[in-house]
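I opened this model to look up its strands, its helix and its core. My notes follow in the order I took them.

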Amino acid sequence: KPIIRMNNDKDESMDINDCHYEVKWSEEDRQFVGTVQEFPSLSWLDDSPEASLSGIQRIVLEAASILDK
């Protein structure tokens, strides 16, 4: 399971599957935007809600691997 370490503290971690994802239509961008509550600076735009969700989940995985170093 991918784990995100919080504050480089090995005792405090979060499973990325427990993150709160949301996909909404953006009228301004004319695409679906995927966001994740735990990482408010991350988002993913795509043409379908499924692709947007998949994209934001991939970005969270990348962020988790960077934070886990």
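I count a residue as buried when its relative accessible area is under 20%, and as exposed when that area is over 50%. The model is predicted.

Entry 1, serine 26. I found serine 26 in strand S3. Its side chain makes a polar contact with the side chain of aspartate 29, at 3.0 Å. Leaving out residues up to four places away in sequence, I list Gln31 and Val33 as what serine 26 touches.

I noted one helix and five strands in the protein chain. Along the sequence the pattern reads β-β-β-β-β-α. The chain has 69 residues, and 26% of them count as buried. I also looked up the contacts between residues at least 6 apart in sequence: 25% of these join residues at least 24 apart.

Which way do S3 and S4 pair? I found S3 (residues 21-26) and S4 (residues 31-36) antiparallel, over six bridges. Within this pair, glutamate 22 stands opposite threonine 35 in S4. Four residues lie between S3 and S4 in their hairpin, and arginine 30 in the turn has a positive phi of about 60°. On to S5 (residues 43-46): S4 and S5 run antiparallel and are joined by four bridges. Here I noted glycine 34 opposite tryptophan 44 in S5. The hairpin from S4 to S5 passes through six residues.

I checked the length of H1 against 1.5 Å a residue: its 19 residues should span 27 Å, and the end C-alpha atoms are 27 Å apart, so the two agree. I list Ser52, Gly55, Ile56, Val60, Ala63 and Ala64 as the buried residues of H1.

Which residues make up the largest nonpolar core? I found nine: Ile16, Cys19, Val36, Phe39, Leu42, Ile56, Val60, Ala63 and Ala64. Helix H1 (residues 49-67) gives the largest share, four residues. In soluble globular proteins, nonpolar side chains tend to be buried together. I then looked up valine 36, again without residues up to four places away in sequence: it touches Cys19, His20, Tyr21, Leu42, Ile56 and Val60.

Key: Residues are numbered from 1 along each chain as its sequence is written. This is a predicted model: local features need pLDDT of at least 70, side-chain atom pairs count only at pLDDT 80 or more; totals for chains, interfaces and linings use all residues. Side-chain values use heavy atoms; hydrogens and water are left out. A nonpolar core is a set of buried Ala, Val, Leu, Ile, Met, Phe, Trp, Tyr and Cys residues joined through side-chain atoms within 4.5 Å. Buried means under 20% relative accessible area, exposed over 50%, partly exposed in between (1.4 Å probe, protein chains only). Helices (H or I, at least four residues) and strands (E, at least two) are DSSP runs, numbered from the N terminus. Contact means heavy atoms within 4.5 Å. Two strands pair if DSSP finds at least two bridges between them. The expected span of a helix is 1.5 Å times one less than its number of residues. A polar contact is a pair of N or O atoms within 3.5 Å; within protein, one must be able to donate a hydrogen and the other to accept it, and residues adjacent in sequence count only if both atoms are side-chain atoms.
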